[in-house]
Amino acid sequence: MLRLFALITMSLVGNAQPFDLVLQGGRVMDPESGLDAIRNVGIRQGKIAAISARSLKGTKTIDVKGLVVSPGFIDLHSHGQTPENYRLKARDGVTTALELEIGVSAVPPWYQAREGKALINYGASIGHVPARMTVMKDTGDWLPRDNAITKVATREEQIAIRELLRQGLRDGGLGIGFGFSYTPKAGTEELQELFELAGQTKSPTFIHMGHGTLGEPGIAAALHEVIAMAAVTGAPVHVVHIGASSTSKFDLAMKIIADARAHGIDITTEAYPYIAGMTRLETAIFDAGFQEKLGITYKDMMWVETGERLTAETFEKYRKQGGLVATFTNTEEMIRKVVAHPNVMIASDGIMEDGKGHPRAAGSYARVLGLYVREQQLLTLMDAIRKMSLMPAQRLETVSPTMRNKGRIKVGADADLAVFDAVKVIDRATYEKANLPSEGIPFVLVGGELVVRNGQIVEGVTPGKGIRTR
Ligand SMILES: [Zn+2]
């Protein structure tokens with residue numbers, strides 16, 4: 001009897017224990033359940049432990065009245081994987097940034113380099129592009145610049161590339177990244193076998209579609225290639241930056257994707273909310289004939305280092321040197337359609353290097369919330385949140401069970417949260433000053449720990465964890 005009494009007392013005390021942190025009085029928005037109401041959120045041991053209209057007792061309490069409490073944003077396309085990039089991402093509400101399109105090779109050292117040191121969650125796919133660069137002995141830095149562009153792989157090289165990908169998946173890589181535009185000599189035989197590997201292991205593929213297929217006339221052909229390989233092999237496919245790849249043919253691209261889905265193909269897509277793209281000038285994207293393929297001339301290209309527009313002369317000079325170039329290929333009218341489309345996730349495709357880069361690295365998420373939701377009212381706040389958190393989590397959760405606890409606000413989910421002011425949130429990054437952090441996102445939590453407090457980075461904290469398939 002005494003023992004029972006002691007047990008009851010202990011359990012009562014246990015329940016009365018304060019939460020580690022309570023977010024009090026915010027507008028809690030969960031895209032999975034549809035909850036959109038004033039609630040208190042109790043956080044314990046990095047997890048959401050209570051969502052309640054009643055008041056909750058916390059060791060620490062933050063008053064978030066008047067602010068939206070959203071799942072932290074999940075960026076499926078973040079090339080920037082350095083502390084500089086993580087700080088900008090956190091200020092933009094991003095709690096998980098993943099390098100899936102280009103990916104990495106090899107996988108274990110990449111994760112080890114970030115273990116215990118990252119501000120936000122991170123992860124990568126095993127990449128066909130870096131694996132091909134390794135096997136073909138390409139001299140490029142990050143993206144191919146010679147052998148991986150110009151050479152057809154021998155049978156031995158094809159097998160070596162496939163084994164690197166197989167090992168990368170075994171090592172926990174989040175699927176397989178492909179950049180067809182960067183490896184124009186990787187033919188059907190090479191790719192078909194790699195898609196078979198993805199199909200056998202049900203690993204998602206993240207695909208920058210083929211060279212010569214940007215915008216008109218090739219978007220349908222580019223999608224048909226990807227969809228055919230998915231149909232034949234069972235590989236799940238995620239097409240990156242559909243806005244930049246389809247430009248004026250966006251409606252056609254989305255119709256093909258919807259039709260393929262209706263016929264059982266697992267295909268998804270994403271886009272960044274800007275009219276310009278960015279990549280390295282020395283890559284195969286800018287081989288002869290690029291003007292026609294991309295529908296641009298030199299003056300539509302900006303050399304990132306200096307901000308100058310290119311000419312025929314500076315194009316040649318900088319292409320030899322190598323570096324980042326912005327390409328103004330799209331229109332604001334098209335971007336509005338892309339951002340509002342219910343089947344398009346938001347992903348940044350961003351990379352920042354010593355303060356230089358594309359504004360999408362710093363501003364993609366606040367830009368959607370401020371410019372396209374609030375100012376232009378192209379989509380609802382809940383739909384925007386879904387495209388930035390739940391949909392990317394769902395893309396990965398069949399291979400990475402930890403993603404089932406991200407992208408939603410529910411009891412038991414990871415306390416990865418973005419707390420923003422729907423009236424003030426806005427991007428500030430521009431093509432000229434790309435590393436200006438977003439505004440109006442006063443609190444961001446990763447695993448229950450504040451990484452942004454009162455709109456500023458919390459120094460010295462590293463709650464970010466590696467996201468793997470296991
Ligand atoms: Zn990219």
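Q: Which residues of helix H13 (residues 332–340) are buried?
A: In this predicted model, the buried residues of H13 are Met334, Ile335, Val338 and Val339. They span an arc of only 130° around the axis, so they lie on the same side of H13.

Q: What covers the buried residues of H13?
A: The cover includes H9, H10, S12, S17, helix H14 (360–375) and helix H15 (381–396).

Q: Why is Ile346 called buried?
A: Buried means under 20% relative accessible area. Ile346 has a relative accessible area of 2%, so Ile346 is buried. Ile346 is found in strand S17 (residues 344–346).

Q: What does Ile346 touch, leaving out residues up to four places away in sequence?
A: Ile346 touches Ile74, Ala271, Tyr365, Val368, Lys387 and Met388. As for Gly357, it is 11 residues from Ile346 in sequence and 19 Å away in space, C-alpha to C-alpha.

Q: Which residues of H6 are buried, and what puts them on the same side of H6?
A: Gln158, Ile161, Arg162, Leu165, Gly168 and Leu169 are the buried residues of H6. Their arc around the axis is only 120°, so they are on the same side of H6. They pack against helix H3 (107–112), strand S8 (121–127), helix H4 (128–136), strand S9 (176–179) and helix H7 (188–201). Just after H6 comes Gly172, with a positive phi of about 100°.

Q: How do you know that the span of helix H8 (residues 219–233) agrees with 1.5 Å a residue?
A: The 15 residues of H8 should span 21 Å, and the end C-alpha atoms are 21 Å apart, which agrees. Among the buried residues of H8 are Ile219, Leu223, Val226, Ile227 and Met229. The elements that the buried residues of H8 pack against include H7, strand S10 (205–208), strand S11 (237–239) and helix H10 (250–262). H8 is followed by Gly234, whose phi is positive, near 80°.

Q: What makes the peptide bond from Ser105 to Ala106 cis?
A: Its omega is near 5°. Ala106 is placed in the loop between S7 and H3.

Q: How many residues line the largest pocket, and which are the closest to its centre?
A: The largest pocket holds about 410 Å³ of space. It is lined by 23 residues, and His79, Glu99, Val104, Trp110 and Trp142 are the closest to its centre. The lining divides into eight nonpolar, eight polar and seven charged residues.

Q: Which element gives the most to the lining of the largest pocket?
A: S7 does, with four residues. The elements giving two or more residues are helix H2 (83–91), strand S7 (94–104), H4 and strand S18 (352–353).

Key. Residues numbered from 1 in each chain as written. Predicted model: local features only at pLDDT ≥ 70, side-chain atom pairs only at ≥ 80, totals over all residues. Heavy atoms only, no water. Buried < 20%, exposed > 50% of the residue type's maximum accessible area, 1.4 Å probe, protein only. Arc of directions from axis to C-beta. Contact = heavy atoms within 4.5 Å. 1 Å grid on protein atoms, 1.4 Å probe; cavity = no way out; pocket = protein on both sides within 12 Å on 5 of 7 lines; lining within 4 Å. Points joined across faces, edges and corners; volume = space filled by probe spheres on them. Nonpolar A, V, L, I, M, F, W, Y, C, P; charged D, E, K, R; others polar. Expected span 1.5 Å × (residues − 1).
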